[in-house]
Amino acid sequence: MTPPATSLVLAAIAAWLAIGVLGLFALRKLRIVSRVLFPAGAAVGVGLAIAAYVAISAAPQATTLPIGLPELPFHVRVDALSAFFLVLLGAAGAAISWFSSGYFRSSEGTPPGLICFQYHVFLAAMAMVLVADDAYAFMVAWEAMALASYFLVTTEHRIPEIRRAGFLYLLIAHIGAIAILLCFGVLQGGSGDYTFGAMRGATLSPAWASIAFFLALTGFGAKAGLLPLHVWLPEAHPAAPSPVSALMSGVMLKTAIYGLLRVAFDLVHVQLWWWGAIALSLGLASALFGVIFAAAQTDMKRLLAYSSIENIGIIVAGIGLTILFKAYDKPMLAAIALTAVLYHALNHAFFKSLLFLATGSVLHATGERNFGKLGGLIHRMPWVAWLALVGTLAIAGLPPLNGFVSEWLLLQAFLFTPTLPQSFVNMLVPIAAAALVLAAALGAYVMVKFYGVVFLGRPREANLAYAHDAGKYERAALCALAAGCVLLGIFPGAVIAALDPVNVLLIGHSAGATAGNWLMIAPFGEDRSSYSAVIVLVVIVAVVLVTIQVVHRYYHGRVRHADAWDCGYPLQTSRMQDTAEGFGQPVRQVFEPFFRLERHLPSPFDAKPFYFVKPGDPWWHWVYVPIARGAELVARFVGLIQQGRISVYLTYSFVTLLALLFFVR
Amino acid sequence: MSAQAFLSQFVQVAVALALAPLLVGWVNQCRAWLSNRTAPPLTLPYRTIRKLFMKDAVVASNASPLFRLTPYVVFAAMCCAAAIVPSLATDLPFGVAADAIALVGLFALARVFIALAAMDIGTAFGTLGARREMFVGFLAEPALLMVLFTASLISGSTSLPSIVDTLAHRELAIYPSLAFAGVAFTMVSLAENARIPVDNPATHLELTMIHEAMVLEYSARHLALIEWASALKLFNYSCIGLALFVPFGIAQGSDDWAAIAIAVPVLVAKLAAGGFALALIETASAKMRIFRAPEFLGTAFLLAVLSMLVRLLLGS
């Protein structure tokens with residue numbers, strides 16, 4: 001008999017916490033931390049992923065922990081939805097931990113033992129978020145996750161910008177947490193019982209249910225990076241060490257997706273169509289905004305952060321579509337859309353972690369995050385470069401890798417939308433499909449820029465000649481993630497079948513029954529659409545091999561090496577390649593109204609001409625600066641009553657006392 | 001899936017490989033006639049490819065293996081695409097492995113690889129070409145997808161054989177959605193195949209190049225494969241256009257050899273007409289500045305969205 005899934009998950013959480021505490025005992029012993037503790041954490045992650053994989057198809061299991069406040073114990077429950085996200089956490093977490101074994105060095109910032117503690121508390125808190133079954137446990141875990149990640153972001157806390165980024169992150173995390181807290185307050189429906197079980201039983205009026213949903217969308221959207229609460233993401237990701245960026249982007253953003261799914265489909269009973277329409281629009285706006293800004297970035301981690309905004313936008317758009325279909329009682333389509341959402345979440349965990357970790361290796365080898373000082377690393381760092389190529393092709397949504405499958409599924413859901421009762425929604429669906437494909441195509445542009453500027457071309461700085469490839473731990477982790485991207489890409493049928501219990505749980509309808517077999521996926525039947533990644537891959541590889549053989553057999557394989565031709569221009573320097581600014585320039589020009597550009601163009605008479613452009617995030621000026629101005633204005637009025645004289649304050653006390661006596665009596 | 005189906009699949013790819021350079025030669029010949037020049041022989045592209053295969057490849061010394069792998073990948077992606085597009089017969093075995101969306105994905109795969117290879121040497125023109133190609137691509141790809149979506153909505157399927165079957169058996173009439181889609185598709189094909197008004201296949205002025213700038217560093221067999229792949233791409237786009245808008249004369253089953261035998265000359269005739277139309281458009285229009293391209297392609301994209309809306313809202 002196998003032990004119940006809840007005990008296995010709790011054991012994994014306890015193991016991660018124990019590893020973290022051990023890290024505190026080896027505060028400055030880098031060797032122990034990196035060679036023993038992080039690998040142990042990776043092993044726990046693998047175990048968790050396996051246990052959770054088994055639990056996806058099992059019946060939900062619940063238990064109560066004797067910890068927490070008196071009369072308010074922690075409730076824990078593992079159902080298909082939790083288990084799916086636990087698989088994601090375990091698998092991606094294991095690879096990132098393994099990478100961390102080779103990554104962290106002694107530095108001026110946080111000592112390695114403390115990083116180890118924060119890192120494993122972060123992992124354990126995320127796992128706890130996924131299994132919490134009452135609002136109290138959920139919020140404790142959610143806050144622990146936010147705090148642990150805050151400390152990880154500020155690892156290099158001696159740098160002022162990093163402290164500032166950390167503060168911004170913490171601030172927005174708490175705005176989100178307040179919204180989530182209020183959401184749970186609405187969901188308990190006045191019963192005073194904050195367990196999720198009671199919330200499932202409560203019946204809410206449509207108005208209150210809508211309030212709960214939009215509080216959840218705000219709260220979880222703040223964590224996921226939806227517009228307009230995304231501003232922390234491009235600040236915090238570059239500030240954090242790369243494994244932490246990978247963990248935050250690959251896994252933590254998905255806990256927000258988990259929360260949104262949990263509230264929207266499990267805790268709330270009825271879904272209204274206009275929630276879906278709003279989530280769809282907001283998601284696509286985030287996706288387009290994220291990808292347009294990603295194209296203009298000059299810092300590779302900032303580019304990836306904006307690309308995360310894009311991907312989360314696509315996921316939320318998928319959730320909106322699912323709600324739309326569920327509200328109109330089209331369970332089959334809802335199940336397909338939800339499958340696409342979950343699949344994309346899983347894919348994003350893999351390729352975004354892979355790319356963030358690759359930037360970590362580049363950062364270690366070169367000390368440079370700025371595109372303008374990189375280039376040609378495929379020669380110096382072949383392992384990292386070729387593995388990053390897999391991630392690049394996957395995130396660009398190209399067949400036969402995994403990014404393509406989830407986009408394909410989502411497009412299928414869009415395309416086979418039948419006529420819906422509201423004509424407004426009927427118009428929204430094709431426009432949304434158009435926006436989605438535009439975002440996907442721009443995604444390819446962004447990734448070509450990312451890969452081409454960093455890894456291809458000639459080195460833009462002389463010291464890049466001394467860059468070294470990643471160590472063996474880092475390589476192994478990158479290999480694992482790249483293999484994940486390939487496997488998720490070529491066996492979509494198996495993945496869809498594995499995550500089907502989640503559809504049954506949330507939608508009450510299975511997508512897997514007709515979804516096809518290991519060879520082929522055909523969600524609506526073979527005559528309507530089908531896709532087989534295995535066949536595409538095999539054919540492409542076969543044609544490549546046959547062509548190479550034929551060309552070399554019937555002609556010759558002679559090659560001469562020479563300098564680059566470049567139309568015969570003799571004076572070629574590496575500075576004549578496109579910089580990141582240059583490569584992003586067309587997109588910047590086409591979408592100029594979206595940007596707030598700080599630009600300096602040299603005049604013909606400048607003795608030392610220079611060009612400078614900085615694409616600013618307009619949301620600062622649309623949302624945050626007005627709020628800050630308003631707060632300052634209020635503070636100025638409040639400041640008027642502050643006179644700094646004791647007699648004035650005594651008068652205030654006296655007046656207050658009088659008022660109280662009058663009212664309270 | 002019978003052995004005959006696989007055989008006809010091979011026949012279709014072989015016909016595509018054989019006819020693709022001929023189509024390029026034909027378009028060039030028409031262009032020459034239309035501009036009152038002496039036309040090059042129809043078989044010139046074949047001779048060029050053969051000549052290039054014979055030569056020694058010169059590769060820049062700082063090229064990575066990606067640079068040498070790319071021509072093969074691009075060629076393979078285009079062969080795959082040729083197997084998906086129903087040019088001779090519907091109901092081909094490969095048709096179920098990849099649908100219209102996957103077809104666009106394959107084109108994107110080829111584009112991304114060739115753009116990466118162009119950036120690999122690190123020359124000014126290479127990166128310029130890569131940037132412009134991705135720039136044109138991110139506008140053209142969504143437009144192409146929307147055109148295919150319109151056709152999918154009409155037939156209730158994203159699989160190209162079913163689309164062609166449905167379109168070929170409809171009442172002969174002018175459908176507004178398809179008219180919009182047809183215009184959008186024509187514009188996209190011009191951009192995607194590096195044709196005037198977006199790019200000029202015969203240009204020798206580096207600053208105006210897009211596709212040619214990317215392949216400047218390639219020579220000999222690599223260049224031959226890329227040229228052949230470009231020809232295949234033109235062939236594939238033409239066949240998509242013919243399959244969507246003139247879906248007649250394509251064999252229904254994959255083992256009906258008589259129908260396939262008829263389909264070959266029909267296809268050649270349709271391609272000849274299409275190639276002449278392409279040459280006519282190219283001769284009649286002037287190349288645009290690169291920053292006019294977004295307007296051109298944006299129009300195509302909006303037309304394609306419009307065609308989908310017309311289909312969804314009016315059902316026509």
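**Helix packing, core and backbone geometry in a predicted model**

Q: In this predicted model, how do helix α1 and helix α3 of chain B cross, and within what distance do their axes come?
A: The axes of helix α1 (residues 3-34) and helix α3 (residues 65-84), both of chain B, come within 9 Å and cross at roughly 125 degrees.

Q: Left-handed or right-handed crossing?
A: The crossing of α1(B) past α3(B) is right-handed.

Q: Which residues make the contact?
A: From α1(B), the contact uses Gln9(B), Gln12(B), Val13(B) and Ala16(B). From α3(B), Cys79(B), Ala82(B) and Ala83(B) take part.

Q: And by class, how many are nonpolar, polar or charged?
A: Five residues in the contact of α1(B) with α3(B) are nonpolar and two are polar, with no charged residues.

Q: Changing topic: which residues touch the most other members of the largest nonpolar core?
A: They are Val9(A), Ala127(A) and Ala143(B), in a core of 383 residues.

Q: Which helix gives the most to this core?
A: Helix α17 (residues 423-455) of chain A does, with 24 residues.

Q: Back to Ala143(B): what does Ala143(B) touch?
A: Leaving aside residues up to four places away in sequence, Ala143(B) touches Ala184(B), Val188(B), Leu297(B), Ala300(B), Phe301(B) and Ala304(B).

Q: What is omega for the cis bond joining Ile196(B) and Pro197(B), and where is Pro197(B)?
A: Omega is about 15 degrees for the bond between Ile196(B) and Pro197(B). Pro197(B) is in the loop between α7 (176-192) and α8 (211-214) of chain B.

Q: What about phi of Asp329(A)?
A: Phi of Asp329(A) is near 60 degrees, a positive value in a residue other than glycine. Most residues other than glycine have a negative phi. Asp329(A) lies in the loop between α12 (300-327) and α13 (331-366) of chain A.

Q: Is Asp329(A) buried or exposed, and why?
A: Asp329(A) counts as exposed because it has 7 C-beta neighbours inside 10 Å, and 12 or fewer is the cut-off for exposed.

Q: Where is Asn36(B), and what is its phi?
A: Asn36(B) lies in the loop between α1 and α2 (44-54) of chain B, and its phi is near 60 degrees. With 6 C-beta neighbours inside 10 Å, Asn36(B) counts as exposed.

Note on methods: Residues numbered from 1 in each chain as written. Chains lettered and ligands numbered in written order. Predicted model: local features only at pLDDT ≥ 70, side-chain atom pairs only at ≥ 80, totals over all residues. Axes fitted to C-alpha atoms, helices over the stretch in contact; angles between N-to-C directions. Helix = DSSP H or I, 4+ residues; strand = E, 2+ residues; numbered from the N terminus. Left-handed = near helix turned anticlockwise from the far one by under 90°. Contact = placed C-beta atoms within 7 Å. Nonpolar A, V, L, I, M, F, W, Y, C, P; charged D, E, K, R; others polar. Core = buried A, V, L, I, M, F, W, Y, C linked by C-beta atoms within 7 Å. Buried ≥ 20, exposed ≤ 12 C-beta atoms within 10 Å, placed from the backbone.
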